[in-house]
Amino acid sequence: MRCVANVPGRLTAVGRVRAPRRLRALLIPVFLSAGCSGPLSALDPAGPGAARIERLWWILFWIATIVFAAVVGLILYSLRHGRRDLTPDIDKDEAQWGDRFIAVVGVVIPVLILLGGFIYSLGEMNALATHDDEGPALDIEVVSHNWWWEVRYPNGAVTANEIHIPTGERIRLTLTTADVIHSFWVPRLQAKMDHVPGSENQMWIEADEPGIYRGQCAEFCGLQHAHMAFFVEAESPEDFDRWYENAASSASTPSDGSARRGLDVFLSSSCVGCHAIEGTEAAATAGPDLTHLAARETLFAGKLVNTRANLERLIVDPQGIKPGVGMPPTELDSGELEALLDYLESLD
Ligand SMILES: [Cu+2]
């Protein structure tokens with residue numbers, strides 16, 4: 001009793017009583033992560049790409065769990081039944097069995113498991129990268145910038161940080177960058193892929209159900225990397241078509257007095273040097289296209305909700321909201337500012 005740990009029977013008895021409770025404590029993080037859902041969870045797939053990744057993840061998880069349990073089991077077994085007498089009086093037969101055991105459990109089984117996992121992963125990677133033979137339903141160009149996403153559609157529609165797609169269709173994305181390396185990642189839809197300076201990468205995305213799927217730049221790109229979010233907005237094909245047609249149309253020139261004055265403020269301030277509004281002479285591309293600004297949910301790559309108050313903050317103090325952002329503050333008198341806001345809010 002003085003020296004409990006040295007008495008084998010005791011040790012296992014103590015171990016047997018305590019193991020389940022300890023095991024349960026060890027499993028808590030496992031169950032917590034298994035319950036992972038939420039907007040950025042790759043284990044909560046909303047399309048066929050992410051579903052493949054989720055399946056692969058669980059297969060690897062269970063293989064690792066079984067191997068871990070087997071190794072721990074063998075350790076416990078050897079603690080209990082292993083030789084206590086370490087004098088080199090080794091029985092010859094036992095030694096031979098030991099060699100075979102090491103060859104099978106230490107070499108053959110690990111090679112089979114690793115090789116199987118490798119081949120299966122290669123197949124999945126290939127499926128995630130391959131496009132449809134008939135060609136994609138839609139080709140969208142995504143140009144990443146410090147720190148926002150420019151989105152260009154084949155019909156001429158240009159938007160920012162919000163990528164509308166129809167559900168149930170395989171959409172091809174062509175990824176390029178205007179500056180440094182960024183990485184496009186919508187965990188609930190697909191694997192991530194980098195935007196690399198000087199080259200063009202392609203990937204596909206597909207969403208099963210209508211919904212808003214959050215994306216995030218996944219390659220550190222400077223001060224506001226964390227505030228470089230975006231959203232994939234999947235809509236039924238009918239809703240998408242409605243959005244798509246409107247998104248390609250020019251901004252209507254306001255007839256109403258204040259918004260009309262706001263257009264003049266826009267065209268006579270620095271704004272016109274960085275932004276485009278289709279249907280006006282503003283055609284610069286240093287900042288997001290604002291043609292249908294009012295139809296967007298968020299501003300500044302997910303940093304702000306699109307409200308009048310936030311639009312005002314963003315014009316007066318962009319550096320206070322997103323320090324380092326490529327947009328300078330603009331000083332306007334209150335009449336000009338109200339008119340400009342009226343105009344920006346009319347861009348739906
Ligand atoms: Cu980034």
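Two strands pair here if DSSP finds at least two bridges between them. Helices (H or I, at least four residues) and strands (E, at least two) are DSSP runs, numbered from the N terminus. Keep both in mind for the tour.

Residue numbers start from 1 along each chain as its sequence is written. What you have open is a predicted model, where local features need pLDDT of at least 70, side-chain atom pairs count only at pLDDT 80 or more, and totals for chains, interfaces and linings use all residues.

**The whole chain**

Colour by secondary structure and you get eight helices and twelve strands. Of the 348 residues in the chain, 26% are buried. A residue is buried if 20 or more other C-beta atoms lie within 10 Å of its own, exposed if 12 or fewer, and partly exposed in between, with C-beta atoms placed from the backbone. Two residues are in contact if their C-beta atoms, again placed from the backbone, lie within 7 Å. Take the contacts between residues at least 6 apart in sequence: 65% of them join residues at least 24 apart.

**Stop 1: the sheet with β4 and β7**

Select β4, β10, β9, β6 and β7. In that order they form an open sheet of five strands, with mixed pairing. At the edges sit β4 (162-166) and β7 (193-195), each pairing on one side only. Neighbouring strands are turned by 25° against each other on average, direction ignored. For this and later angles, axes are lines fitted to C-alpha atoms, for helices over the stretch in contact, and angles run from 0 to 180 degrees between N-to-C directions.

Zoom in on β9 (residues 211-217) and β10 (residues 229-235), which are antiparallel and share six bridges. Show Y213, and you'll find V232 of β10 opposite. Now bring up helix α4 (residues 237-248): this helix packs on the sheet, touching β4 and β10, and its direction makes about 135° with that of β4.

Next, step over to β6 (residues 182-185), which is antiparallel to β9 and joined to β9 by two bridges. Here F184 stands opposite C217 in β9.

**Stop 2: the sheet with β3 and β8**

Now select β3, β2, β1, β5 and β8, an open sheet of five strands in that order, with mixed pairing. Its edge strands are β3 (158-160) and β8 (201-205), each pairing on one side only. The twist from one strand to the next averages 25°. Follow β5 (residues 171-177) alongside β8: the two are antiparallel over five bridges, and T174 has Q202 in β8 as its bridge partner.

**Stop 3**

Most residues other than glycine have a negative phi, and most peptide bonds are trans. With that in mind, go to the loop between β1 (138-145) and β2 (148-152), where W147 is found. The peptide bond from N146 to W147 is cis, with omega near 0°.

Then click N161, in the loop between β3 and β4. Its phi is near 65°, a positive value in a residue other than glycine. N161 is buried, with 22 other C-beta atoms within 10 Å.

A301 is the next pick, in the loop between β11 (298-299) and β12 (304-305). This non-glycine residue has a positive phi of about 55°. A301 counts as buried because it has 24 C-beta neighbours inside 10 Å.

**Stop 4: helices against α8**

Show α8 (residues 334-345) with α6 (residues 308-316): they pack at an angle of about 120°, with their axes 10 Å apart. That makes α6 oblique to α8; angles under 35 degrees count as roughly parallel, over 145 as roughly antiparallel, 65 to 115 as roughly perpendicular and the rest as oblique. Display R308, L311, E312 and I315 in α6, which meet L337, L340, L341, L344 and E345 in α8. This contact has six nonpolar, no polar and three charged residues. (Ala, Val, Leu, Ile, Met, Phe, Trp, Tyr, Cys and Pro count as nonpolar, Asp, Glu, Lys and Arg as charged, and the others, Gly among them, as polar.)

**Last stop: R52**

Finish in helix α2 (residues 48-81), the place of R52. Is R52 buried, exposed or partly exposed? With 18 other C-beta atoms within 10 Å, R52 is partly exposed. Leaving out residues up to four places away in sequence, R52 touches E124, A127 and L128.
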